[in-house]
Amino acid sequence: MIDGVPFMRLGDILRWKIAAARPKDHADITAIRHLYRVWTGEAQPPFPTASDTSDI
């Protein structure tokens, strides 16, 4: 919580959405990965892709 508002780090949200593998999360995953690339200039975030989480 930050000032009474629920808070999660963006990387944690990304991992959670990838692990959930829900169709409704695909757009969010794409958007978070895009933001990560914009903010860091890196090619990919250091998190598994949806295909890498098939055993989760």
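How many salt bridges does a search of the whole structure find? The search finds four. A salt bridge is counted when a side-chain nitrogen of Lys or Arg lies within 4 Å of a carboxyl oxygen of Asp or Glu. Side chains of opposite charge can pair when their charged atoms come close.

The model is predicted: local features need pLDDT of at least 70, side-chain atom pairs count only at pLDDT 80 or more, and totals for chains, interfaces and linings use all residues. Residues are numbered from 1 along each chain as its sequence is written, and side-chain values use heavy atoms, with hydrogens and water left out.

The protein chain holds two helices and zero strands. Both kinds of element are DSSP runs, numbered from the N terminus (helices: H or I, at least four residues; strands: E, at least two). Of the 56 residues in the chain, 20% are buried. Buried means under 20% relative accessible area, exposed means over 50%, and partly exposed lies in between (1.4 Å probe, protein chains only). The chain exposes about 4300 Å². Carbon and sulfur atoms supply 60% of that area. Accessible areas come from the Shrake-Rupley method with a 1.4 Å probe; for residues, only the protein chains shown count as cover. Among contacts with a separation of 6 or more, 30% join residues 24 or more positions apart. Contact means heavy atoms within 4.5 Å.

Two packed helices are described by the angle between their axes and the distance between the axes. Here, helix H1 spans residues 10-20 and helix H2 spans residues 26-40. Their packing angle is about 145 degrees, and their axes are 10 Å apart. Axes are lines fitted to C-alpha atoms, for helices over the stretch in contact, and angles run from 0 to 180 degrees between N-to-C directions. H1 supplies Leu10, Ile13, Leu14, Lys17 and Ile18 to the contact. H2 supplies Asp28, Ile29, Ile32, Arg33 and Trp39. By class, the contact residues are seven nonpolar, no polar and three charged. Nonpolar covers Ala, Val, Leu, Ile, Met, Phe, Trp, Tyr, Cys and Pro; charged covers Asp, Glu, Lys and Arg; the others, Gly among them, are polar.

One pairs Lys17 with Asp28, at 2.9 Å from N to O. This pair links distant parts of the chain, with Asp28 in H2 and Lys17 in H1, eleven residues apart. Lys17 counts as buried because its relative accessibility is 10%. Asp28 has 33% and therefore counts as partly exposed. Lys17 also meets Asp25 in a salt bridge, again at 2.9 Å from N to O.

Asp25 has a further partner. Its salt bridge with Arg22 brings the closest N and O atoms to 2.8 Å. Asp25 is at 2% relative accessibility, so it counts as buried. Salt bridges that share partners join Lys17, Arg22, Asp25 and Asp28 into one network. Arg22 sits in the loop between H1 and H2. Arg22 counts as partly exposed because its relative accessibility is 30%. Leaving out residues up to four places away in sequence, Arg22 touches Trp16 and Lys17.

Backbone angles give two further points. Ala21 is not a glycine, yet its phi is positive, at about 55 degrees. Ala21 is also in the loop between H1 and H2. With a relative accessible area of 53%, Ala21 is exposed. Asp3 likewise has a positive phi, near 50 degrees. Asp3 lies in the segment before H1. Its relative accessible area is 79%, so Asp3 is exposed.
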